[in-house]
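Subject: Handing over a structure

Hi,

I'm passing this one on to you, and I hope you enjoy looking through it.

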Amino acid sequence: MEGLRNDGRRWNELRRIHCQLSTSSTNADGSSYIEQGFTKVLCNVTGPAEPSNRQRVKQDSATVSCEVYFAAFSGTDRIKRGRNDKKVQELQTAIQKTFSSIILTHLFARSEITISIHILSQDGGTLAACINAATLALIDAGIPMTDYVCACTAGQSTSIFDNEGASPDPWLDVNYLEESDIPSLTVATVGDSEKIVALSMENKVRIEALEAMIAVGISGCARVRGIMDKEVRRYGKEKLEAEGE
Amino acid sequence: MPKEPEISLTEKTFVLEALKQNLRVDGRDLQSFRDIQLTFGDDYGFVDVRLGKTRVLARISAEVTKPRPDRQFEGMFTITTEMGPMASPVFEIGRPTELDHTLSRLLEKSIRRSTALDVESLCIVTGKRVWSLRADVHFLSHDGNLTDTACIAVITALAHFRLPVVTVSGEDITIHSVTERVPVPLSLLHWPICVTFSFFGEDEGGDMVCAIDATAQEEALRMGDMTVTVNKNGEVCQISKSGGVAVEAEVLMRCARLAAGKVKVVDKLIAEALREDEVRRNKGNLDWLKEGKSENER
């Protein structure tokens, strides 16, 4: 099939995104659930609350901490990832640092905001889904942030350049098969400003191809933001109407 | 754990205001590294890298082990980092800090995942015996930019290391000592080198400053950072920017291109240092090295 990817999408198409707010009403201050294709992530936010650990107290701002749990059944092979797994720790630091700069932490001195993320199913773009889920859960918890943080992935479809020197279109929102096959990056932007707050790439790529990948990633972030914003507004409206009755 | 001493307000204002005028406390311009000094030890694969006051030591060691059952053709290569109170009182032994995690992951991604070292070349007998290489990185002094220094140290040490020659006859494996046979260099496919950018100030109105090779003082004051790993062929092996100030894509691309330029210079510097060391080691006996050819006129 000409120009179609293995799951039938074109180069610039996102997978289906389904998101929900307030998924667990009792034990968290904010919660969310997001599906990006077959990547499924559940996120709970607690806080601002008293820090569980004395060392984490900061006198002038809130501490943001993040816990990531991979369900053993989330990948193709059953792998139990413990707390000290390097991949888990890297995800935690990436998410924690990203949100520390977006949340208005100076409003909650000497307190802690905990983002705990459960990855139920992995099908590419795990980091992106985690960031999106955390944004929604923080909004649900009513924690002030400067803007939405939306993340998306982009992959370089092939490393062969055609005769005119133009590279082929990068692929937006890669799935697991594509992610393990081609170089890809995750980019997270703030609101619709097109400014990058987090960027991560782990594969080798020609520097000439990088710009196009980032550009496609940013356009994906804008679309993700649209979808998330729609859900937030729908949920808010529903909530208001329910209270009005 | 002792906390890092906070920088006084006057010092902070001074450094940041100076940066706004493209000036740095140590007199460098924004886009230059501090002096890189490479010292080699008596053994192969032992390198001491100094970047200003930052000092990192890397050592490669090799042993013969059994390969992993799922990767029978491949040798093993691990990088271990150790931060102790020697580098800075903030670090404690046995209690890795966040910096420790990010640094070891960065080295892993930059060097191991970009397949800088051809692990298949470490195989001796398929499924039975392989070389297991280990790079130990020790931080002796911390004055900022540990990532770049550690990356340079590991790459230089790998390029400097020589593996003993092994001969296989039937089931028997003989490892020849250095005096018996000249040991061979590792097969390094490329030299990935990290360049870390530090961002100061907000991106609004274009008054954001971006500098490379930050000192410890600048690191404590920066608002965001990004590490780009490039090799001299212009291939980006890894990029990571997590959090910090939000930056335009255009600025990031400019940083990546700048990094590609810087890496070429560092690459040349390492190659030069390695060549000098080689000449020093072969003092007086191997003339072909200096002449650069394998046959001499008789």
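Below is what I found, starting with the place where the two chains meet.

The model is predicted, so local features need pLDDT of at least 70 and side-chain atom pairs count only at pLDDT 80 or more, while totals for chains, interfaces and linings use all residues. Residues are numbered from 1 along each chain as its sequence is written, chains are lettered from A and ligands numbered from 1 in the order in which they are written, and side-chain values use heavy atoms, with hydrogens and water left out.

Chain B brings 39 residues to the contact and chain A brings 30 (heavy atoms within 4.5 Å). Together they bury about 3,000 Å², 52% of it from carbon and sulfur atoms (accessible area lost on being put together, 1.4 Å probe, summed over both parts). On the chain B side, B:Arg105, B:Ile239 and B:Met253 lose the most area to chain A, together 19% of what that side buries.

Five salt bridges cross this interface (a side-chain nitrogen of Lys or Arg within 4 Å of a carboxyl oxygen of Asp or Glu). One of them joins A:Glu202 to B:Arg113, with the closest N and O atoms 2.6 Å apart. In chain B, α2 (98-113), β14 (235-248) and α5 (249-281) each supply at least two residues to the side touching chain A (helices are DSSP runs of H or I, at least four residues; strands are runs of E, at least two; both are numbered from the N terminus). The largest share, 14 residues, comes from β14(B).

Happy exploring!

How values were computed. Buried area = accessible area lost by both parts, 1.4 Å probe.
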